[in-house]
Amino acid sequence: RRVLFRSVVRDGEMKKLASCRYFVTELLVASREVLLAGPRNPYRLVVVLEGAGVIAGQPYRAGECWYLPAEAGEVRIEPLSRSRFLRTGPPVRRGR
């Protein structure tokens with residue numbers, strides 16, 4: 001078994017995994033409530049890699065992908081168990 005990428009992300013922290021001029025992808029690990037600030041970009045996608053809980057008032061589980069439009073603003077994630085997410089979308093535009 002080969003490990004191609006290994007990185008430690010502390011609970012409640014987000015780590016940038018990849019970025020270019022078109023998108024940014026980050027890893028989030030959470031076992032307690034987290035607030036995702038509303039960015040100044042058109043949308044965010046949140047992929048649930050592991051865990052279960054509530055996101056924006058709705059239940060989530062591993063394998064789901066959530067579309068969060070900019071109008072969603074700040075989004076609350078309330079894990080019922082340790083959860084891992086990928087968050088991706090256009091980079092935040094400065095001055096908007």
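## A buried aromatic pair

Let's start with Tyr60, which is buried at a relative accessible area of 4%. Phe85 is buried too, at 1% relative accessibility. This is a predicted model, and it holds 2 aromatic pairs. In one of them, the ring centres of Tyr60 and Phe85 sit 5.3 Å apart with planes at 65°, so this pair counts as edge-to-face.

## A stacked pair

Tyr43 and Tyr67 have ring centres 6.1 Å apart and planes at 25°, so they are stacked. Here strand S4 (residues 43–50) supplies Tyr43 and strand S7 (residues 65–69) supplies Tyr67, 24 residues apart. Tyr43 is partly exposed at 30%, while Tyr67 counts as exposed at 51% relative accessibility.

## Salt bridges

On the charged side, there are 5 salt bridges. Among them is Arg87 with Glu26, where the closest N and O atoms are 2.8 Å apart. Arg87 is in strand S9 and Glu26 in strand S2 (residues 24–30), so the bridge ties together parts 61 residues apart in sequence. Both ends are tucked away: Arg87 is buried at 18%, and Glu26 is buried at 17%.

Glu33 pairs with Arg76 at 2.5 Å between the closest N and O atoms. Glu33 is partly exposed at 45%, as is Arg76 at 36%.

Then there's Glu50, whose side chain meets that of Arg84 at 2.9 Å, N to O. That links strand S4 to strand S9, across 34 residues. Shared partners join Glu50, Arg82 and Arg84 into one network of salt bridges.

Terms used
Residues are numbered from 1 along each chain as its sequence is written. This is a predicted model: local features need pLDDT of at least 70, side-chain atom pairs count only at pLDDT 80 or more; totals for chains, interfaces and linings use all residues. Side-chain values use heavy atoms; hydrogens and water are left out. Rings of Phe, Tyr and Trp (its six-membered ring) pair if their centres lie within 6.5 Å; planes under 30 degrees apart count as stacked, over 60 as edge-to-face and the rest as tilted. Helices (H or I, at least four residues) and strands (E, at least two) are DSSP runs, numbered from the N terminus. Buried means under 20% relative accessible area, exposed over 50%, partly exposed in between (1.4 Å probe, protein chains only). A salt bridge is a side-chain nitrogen of Lys or Arg within 4 Å of a carboxyl oxygen of Asp or Glu.
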